[in-house]
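Let's walk through this structure together, from the overall layout down to single residues. Keep the 3D view open as you read.

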Amino acid sequence: MSTAGGEDSSSSSRKGKEKQGESGREEGAEWVGEVDLGDLCGAAAGWVEARTSCPHLGSLPPAGAADLERVPPPDSPCSRCHHPAENWLCLICKDVLCSRFINKHMLRHYQETGHCLALSFSDLSVWCFACDSYLDVQAILELRPVYEVAHLLKFGERPPFRSLEVLDLSTGENRSSSSGS
Ligand SMILES: [Zn+2]
Ligand SMILES: [Zn+2]
Ligand SMILES: [Zn+2]
């Protein structure tokens with residue numbers, strides 16, 4: 001109906017388009033649909049089939065209040081070159097470092113320390129350098145706490161998880177009647 005699929009996404013100059021937040025309605029059940037749409041658009045723009053598991057999750061610090069309090073605001077500058085925004089958060093030590101399109105400080109951090117899990121403050125996706133792949137924050141429970149905190153800091157509300165819908169769709173069809181050639 002309204003999913004604009006043919007947009008040129010070559011320019012990287014989108015800024016602040018998600019400031020439609022109207023203060024006032026906090027029903028708690030109404031906003032899920034709207035926010036979900038925005039989230040899907042953002043994900044679809046650069047979707048590359050995220051992994052649903054990663055052997056390096058064991059290097060994450062134990063998720064807890066003490067650890068999550070160390071998550072800096074999403075507009076934190078790179079701790080090395082002070083690039084102002086769109087940086088990455090090292091999920092191991094919570095250092096903020098710039099992307100490979102700026103000065104590659106997150107990549108270098110991984111090469112120096114082996115800290116391979118990083119969360120993008122630009123779209124809140126999680127990248128594993130060792131797997132060389134995105135990780136699905138919806139599916140990987142270990143990533144949810146820090147993702148939720150980052151989402152809360154960036155958008156002022158918790159993320160809408162859609163894993164239940166996915167499960168509902170994928171199950172419930174279990175027909176094994178005859179060979180369907
Ligand atoms: Zn940097
Ligand atoms: Zn680190
Ligand atoms: Zn990995």
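What follows starts with confidence, moves on to the fold and its core, and ends with a few loop residues.

Bear in mind that this is a predicted model. Across the chain the mean pLDDT is 77, and 62% of the residues reach 70 or more. Two stretches call for caution. Residues 1–7 have a pLDDT below 50, and beyond near neighbours in sequence this stretch makes 0 contacts in the model. Residues 164–180 also stay under 50, again with 0 contacts beyond four places in sequence. Where pLDDT is low, the predicted coordinates should not be read in detail.

Now for the layout. The chain holds 5 helices and 5 strands, and reading along the sequence gives the pattern α-α-β-β-α-β-β-β-α-α. Of the 181 residues, 20% count as buried. If you take the contacts between residues at least 6 apart in sequence, 53% of them join residues at least 24 apart.

All 5 strands form an open sheet, ordered S2-S1-S3-S4-S5, with antiparallel pairing. At its edges are S2 (96–97) and S5 (133–135), each of which pairs on one side only. Strands of a sheet pair through backbone hydrogen bonds, either parallel or antiparallel. Follow one pairing in detail: S1 (residues 88–90) and S3 (residues 117–120) run antiparallel and are joined by 3 bridges. Within this pairing, Cys90 has Ala118 of S3 as its bridge partner.

What does the largest nonpolar core consist of? It has 26 residues, and those with the most contacts inside it are Trp88, Leu89, Ala118, Leu119, Val126, Val146 and Tyr147. Two or more residues each come from S1, S2, helix H3 (105–113), S3, strand S4 (126–128) and helix H4 (144–155). In soluble globular proteins, nonpolar side chains tend to be buried together.

Next, turn to H3, where His105, Met106, His109 and Tyr110 are buried. Because these residues cover an arc of only 145° around the axis, they lie on the same side of H3. An α-helix has 3.6 residues a turn, so residues three or four places apart point the same way. The buried residues of H3 pack against S1, S2 and S3, while the face turned away from the buried side carries the exposed residues Gln111 and Glu112. After the helix comes Gly114, with a positive phi near 80°.

Most residues other than glycine have a negative phi, and most peptide bonds are trans. Glu86, in the loop between helix H2 (65–68) and S1, has a positive phi near 60°. Lys104, in the loop between S2 and H3, has a positive phi of about 60°. Glu86 counts as partly exposed because it has 17 C-beta neighbours inside 10 Å; Lys104 counts as partly exposed with 15.

Finally, look at Ala139, in the loop between S5 and H4. Its 15 C-beta neighbours inside 10 Å are why Ala139 counts as partly exposed. The C-alpha atoms of Ala139 and Phe161 are separated by 9.3 Å, although these residues are 22 residues apart along the chain.

Conventions:
Residues numbered from 1 in each chain as written. Chains lettered and ligands numbered in written order. Pairing = 2+ DSSP bridges. Helix = DSSP H or I, 4+ residues; strand = E, 2+ residues; numbered from the N terminus. pLDDT = per-residue confidence, 0-100. Contact = placed C-beta atoms within 7 Å. Core = buried A, V, L, I, M, F, W, Y, C linked by C-beta atoms within 7 Å. Buried ≥ 20, exposed ≤ 12 C-beta atoms within 10 Å, placed from the backbone. Arc of directions from axis to C-beta.
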